[in-house]
Amino acid sequence: MLLRHTNKDIKERKALNVNPAKTCQPIGAMYASLGIHGCLPHSHGSQGCCAYHRSALTRHYREPVMAATSSFTEGSSVFGGQANLIQAIDNIFTTYDPDIIAVHTTCLSETIGDDVNQITIKAVKDGKVPKGKYVIHASTPSYVGSHVTGFSNMTKAMVMHFAKSTGKPNGKYNIIPGYVEPSDMTEIKRIVEKLGIKPILFPDTSNVLNGPQTGRYSMFPEGGVTIDELKSSGDSMGTIALGSLASADAARSLDSKWRVPCQVQDLPIGLAATDRFVNALRIAAGVSVPDEITRERGQLLDIITDMHQYFYGKKVALSGDPDHLISLTEFLVSIDMAPVHIVTGTSGKDFEKRIQDITSHLPYKVNVKAGGDMFTLHQWIKNEPVDLLIANTYGKYIARDDDIPFIRYGFPILDRIGHSYFPSVCYRGGIRLLEKILDALMDRLDRDAPEEKFELVM
Amino acid sequence: MSTKLKGRGSNSNENKSGDALPDRLSMIDPEEVKKELLARYPAKVARKRSKQIMANKIDEEGEVPVMSANVRTIPGIITQRGCCYAGCKGVILGPTRDIVNITHGPIGCGFYSWLTRRNQTKPSSDKDDNFMTYCLSTDMQDKDIVFGGEEKLKTAIQEAYDIFKPKAISIFATCPVGLIGDDVHSVAREMKEKLGINIFGFSCEGYRGVSQSAGHHIANNGIFTHVVGKDDSIKKADYKINLLGEYNIGGDGFEIDRILDNCGISIVSTFSGNSTYDQFANSHTADLNTVMCHRSINYVADMLEIKYGIPWIKINFIGAKSTAKSLRKIATYFENPKLIKKVEEVIKKEMPQIETIRKDVKKRCAGKIAMLFVGGSRAHHYQELFKEIGMKTISAGYEFAHRDDYEGRKVLPDIKIDADSRNIEELAVEKNEKKYIARKTDKEIEKLEEQGLAFKSYNGMMPEMEAEALIIDDVSQYETEMLLKIYKPDIYCAGIKEKYAIQKNGIPMKQLHSYDSGGPYAGFKGAVNFYKEIDRLVNSKVWDYLEAPWQANPELSAKYVWE
């Protein structure tokens with residue numbers, strides 16, 4: 001057994017996190033920064049933060065993830081990191097020539113109290129920021145929130161820095177896709193455009209973190225929201241933020257600062273959440289839904305009705321990020337599956353309440369925990385076994401030990417491909433999710449069926 | 001691209017094994033390349049980098065140029081390097097399976113060092129402790145930063161003890177811990193007293209030192225202080241050695257164990273691949289220390305010699321020939337004809353099958369060129385394997401090594417202590433009068449040295465590379481891209497962060513920290529695995545499809561297929 005010390009005996013822990021179901025803010029900020037065209041993310045802290053975040057993102061996407069660091073030493077930790085950051089800005093623009101540097105802080109620079117705003121102003125004054133280039137920053141202390149908070153903070157920083165209102169509407173809608181895969185961002189954009197709406201989607205990591213092999217490496221790939229688009233976001237007709245934890249802050253600040261009306265929707269994962277997203281788009285923009293999208297909805301529903309017998313009543317354990325888990329749980333419940341254990345590492349009472357609302361009509365009590373960890377999830381599973389586990393790659397240790405069909409979902413996925421190419425959002429993404437669920441469950445049926453019950457047609 | 005051409009004798013167009021190299025290489029002058037690498041940098045940066053980029057030169061006395069190493073990375077440069085914590089918790093203590101590791105800090109540090117290094121472990125039974133699949137953290141929150149995290153750490157240690165009942169717990173300090181003044185050592189002492197197990201802390205805050213190397217030192221010093229020497233029981237075996245600086249990435253250690261076992265040589269402890277607490281505790285009972293990764297652990301070998309009387313030699317199990325050579329060194333040390341004979345038998349048995357595969361692979365790989373920018377030993381050791389299949393390393397450098405790893409151990413007295421190295425503790429070790437046993441007399445050592453066995457010696461990378469090879473310390477992303485354009489290597493070896501930027505250029509890349517996948521690459525079987533892996537990488541047709549047909553031939557012709 002790989003997790004041989006995990007037993008059924010659940011004791012409340014006050015201080016120790018065992019096998020986390022979250023990671024820290026800066027990596028989310030780095031991921032969001034990569035969704036700006038021509039941007040080099042910069043980590044203001046020790047070298048290790050930047051190295052760890054780049055490694056984790058690289059393993060997840062199997063793509064280049066470039067970012068720089070302030071390389072704090074003991075001296076800079078005592079005297080402050082101003083000199084390091086100014087030197088870094090100079091070196092980055094001289095050597096790598098990005099359009100923009102997006103600086104995020106770390107627990108180190110936050111603890112010593114570096115004022116990154118003041119430092120970047122000084123960098124501009126000192127002539128270290130070439131004309132027409134930008135440095136933006138977000139405060140992302142690792143001891144607050146999680147990687148999702150970091151994503152949210154950097155996304156908010158994008159609009160706070162760039163958005164302006166010229167008084168002339170641009171006829172577009174801001175879409176904040178949330179902390180989702182590049183494939184999901186492409187799919188969200190496709191749906192929006194199919195409805196005849198012109199989106200400003202940010203951040204946008206599509207064509208950045210799922211780039212092609214061409215034999216010609218470019219540090220700044222084609223994708224990403226442009227600075228002009230971000231500037232223009234203050235002139236948009238409205239903002240639709242997907243996933244309240246990852247996207248609401250940016251949308252609300254656009255609303256309060258530039259009067260761009262915003263609405264916050266759940267991530268469009270599964271039938272009902274996608275219905276709400278499409279409906280919101282339709283009503284906000286006053287457009288009708290094209291047949292093609294209604295057909296895709298029907299295809300998802302077709303698979304649900306065709307294959308219902310294979311997933312009906314199956315018990316599921318889930319670990320992941322709050323925005324994803326809310327929609328995913330709703331999806332599972334809506335197709336008569338039975339989520340029984342749900343854990344996110346990110347803290348927040350809202351999450352537990354949302355899950356309780358979604359599952360309140362079920363004839364059993366659902367275990368749900370925000371600010372939990374995968375050790376707790378595993379202990380729950382030991383006490384009440386499940387038919388399916390949905391989690392990031394770390395879930396495979398639980399799945400192997402307890403012989404549970406397993407779907408990799410969320411961040412990070414370190415041992416399979418697909419997530420950056422095939423979306424799990426909107427109707428088509430729902431089809432892919434169902435395919436994965438059915439593959440996992442039906443492979444298990446095939447594996448375990450006695451010879452006389454082994455079926456060709458299922 | 002304006003690579004300067006250089007007129008130079010055609011004899012430099014061959015490497016030592018006599019394999020012809022591509023003509024383009026003889027036209028490249030490393031001094032000109034160096035200028036080109038520096039041209040774009042701001043003046044201050046260029047000045048500093050110029051000391052870390054050297055065209056290799058070996059004079060008649062075997063002296064090489066002074067290499068600036070183990071110095072601060074310039075902010076903003078895009079470095080390969082990580083931090084002190086990564087070196088301490090991730091590299092050194094990570095591979096030990098039965099010590100519970102608690103990261104004291106925000107969640108990230110523990111999370112990123114959780115199972116990501118491919119250091120394998122094999123408990124002897126299902127009942128044995130194995131904590132490597134667990135990530136434990138105090139997950140510090142803002143209130144802990146404001147009010148201090150010591151109480152939380154104590155509670156966390158208690159909770160970890162209640163769940164895992166380990167024989168030892170270690171605590172790793174992350175950046176904010178040092179800044180707010182949490183004392184992990186006093187907490188460790190208090191909880192050690194309370195729980196009655198060994199508990200020790202590491203001040204391995206990420207900002208210490210200039211790279212993960214500082215963390216290696218802190219980790220090894222800690223193990224030496226808190227664990228080594230705790231178990232004096234003498235293992236019954238004829239030839240007892242410690243293997244220092246072997247981390248069992250991809251199962252390297254398992255293969256080395258297999259070979260040593262076949263020779264009848266016993267490993268008392270490995271620092272720290274597939275290791276256990278008890279191995280460390282008993283390590284002072286070995287009769288020879290063999291040092292694999294000089295960078296990460298040579299000082300432990302020194303301390304073990306001073307305190308317990310165990311001599312050390314440098315060995316290298318990367319490469320079939322190096323493996324054979326290392327086995328012979330160990331056999332020479334023990335001066336037992338039976339062992340010497342056994343070692344020769346093992347080598348004789350292993351080599352023929354390796355040779356068959358090596359020769360076959362060499363047919364397809366000879367003359368190709370490699371670049372290695374990794375580690376503190378690997379960029380040197382792996383040149384052996386490439387050489388065995390006729391490939392030449394045209395440029396190499398370390399990520400976190402020190403001058404002695406480049407120029408050889410003899411420069412140690414000349415290395416200046418600077419502000420960053422000063423804060424990494426050097427242990428003052430003395431002879432332990434009760435436990436010290438001189439394994440060899442001075443005379444015996446002298447005699448062995450006369451036979452060619454070098455003690456406490458490491459030549460470093462540069463004397464063993466060719467003149468004109470370009471040596472780069474702490475290579476930056478920009479320099480990497482320039483090297484690819486100028487040299488067009490057939491393969492580039494570094495780490496995960498560099499991997500895909502290289503491959504997007506259409507050049508295959510092999511990770512030599514974690515090996516991507518696969519391994520072992522150490523020992524005899526490892527050599528075969530590596531030959532095959534490099535053959536796969538540099539000779540695959542998958543790199544030939546970079547252009548779509550319409551990109552290769554964009555013109556339209558007015559002809560229909562049915563005509």
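## Contact between the chains

Glu63(A) forms a salt bridge with Lys504(B), with the closest N and O atoms 3.0 Å apart; a salt bridge here is a side-chain nitrogen of Lys or Arg within 4 Å of a carboxyl oxygen of Asp or Glu. The model is predicted, so local features need pLDDT of at least 70 and side-chain atom pairs count only at pLDDT 80 or more, whereas totals for chains, interfaces and linings use all residues. Residues are numbered from 1 along each chain as its sequence is written, chains are lettered from A and ligands numbered from 1 in the order in which they are written, and side-chain values use heavy atoms, with hydrogens and water left out.

Between chain A and chain B the count is three salt bridges. In terms of contact (heavy atoms within 4.5 Å), 74 residues of chain A meet 81 residues of chain B. The area buried between the two chains is about 6800 Å², and carbon and sulfur atoms give 61% of this. Buried area is the accessible area (1.4 Å probe) that two parts lose on being put together, summed over both. On the chain A side, His5(A), Tyr52(A) and Tyr143(A) lose the most area to chain B, together 11% of what that side buries.

## Salt bridges within the chains

Over all chains, a search of the whole structure finds 62 salt bridges. Side chains of opposite charge can pair when their charged atoms come close. Glu296(A) and Arg190(A) form one such pair, at 2.9 Å from N to O. Glu296(A) lies in helix H12 (residues 291-311) of chain A and Arg190(A) in helix H8 (residues 182-194) of chain A, so the pair ties together parts that are 106 residues apart in sequence. Helices (H or I, at least four residues) and strands (E, at least two) are DSSP runs, numbered from the N terminus. Glu296(A) is buried, at 4% relative accessible area; buried means under 20%, exposed over 50%, and partly exposed in between (1.4 Å probe, protein chains only). A network of salt bridges links Glu187(A), Arg190(A), Glu296(A) and Arg428(A).

In chain B, the side chains of Lys447(B) and Glu335(B) meet in a salt bridge of 3.6 Å, N to O. Lys447(B) belongs to helix H19 (residues 442-450) of chain B, and Glu335(B) to the loop between helix H14 (320-334) and helix H15 (337-365) of chain B, so this pair ties together parts that are 112 residues apart in sequence. Lys447(B) is partly exposed at 46% relative accessible area, and Glu335(B) is partly exposed at 32%.

Helix H2 (residues 47-61) of chain A has 15 residues, which at 1.5 Å a residue should span 21 Å, and its end C-alpha atoms are 21 Å apart, in agreement. The expected span is 1.5 Å times one less than the number of residues. Because 14 of its 15 residues are buried, H2(A) is largely enclosed by the rest of the structure. Arg62(A), which follows H2(A), has a positive phi near 55 degrees.

Leu434(A) lies in helix H17 (residues 426-448) of chain A and is buried, with a relative accessible area of 0%. Leaving aside neighbours within four places in sequence, Leu434(A) is in contact with Leu300(A), Ile303(A), Ile304(A), Phe311(A), Phe331(A) and Ile335(A).

## The sheet of chain A

Chain A holds an open sheet of five strands in the order S12-S11-S10-S13-S14, with parallel pairing; two strands pair if DSSP finds at least two bridges between them. Strand S12 (367-370) and strand S14 (406-408) of chain A are the edge strands, each pairing on one side only. The twist averages 15 degrees from one strand to the next. Strand S13 (residues 388-391) of chain A runs parallel to S14(A), joined by three bridges, and Leu389(A) has Phe406(A) in S14(A) as its bridge partner.

Helix H14 (residues 349-359) of chain A lies across strand S11 (338-344) and S12 of chain A, at about 160 degrees to S12(A). Axes are lines fitted to C-alpha atoms, for helices over the stretch in contact, and angles run from 0 to 180 degrees between N-to-C directions.

## The sheet of chain B

In chain B, an open sheet of six strands has the order S1-S12-S11-S10-S13-S14, with mixed pairing. Its edge strands are strand S1 (53-55) and strand S14 (509-511) of chain B. Strand S11 (residues 392-397) and strand S12 (residues 470-472) of chain B pair in the parallel sense over two bridges, and Ala396(B) stands opposite Ile471(B) in S12(B). Helix H2 (residues 30-39) of chain B lies across S1 and S12 of chain B, running at about 165 degrees to S1(B).
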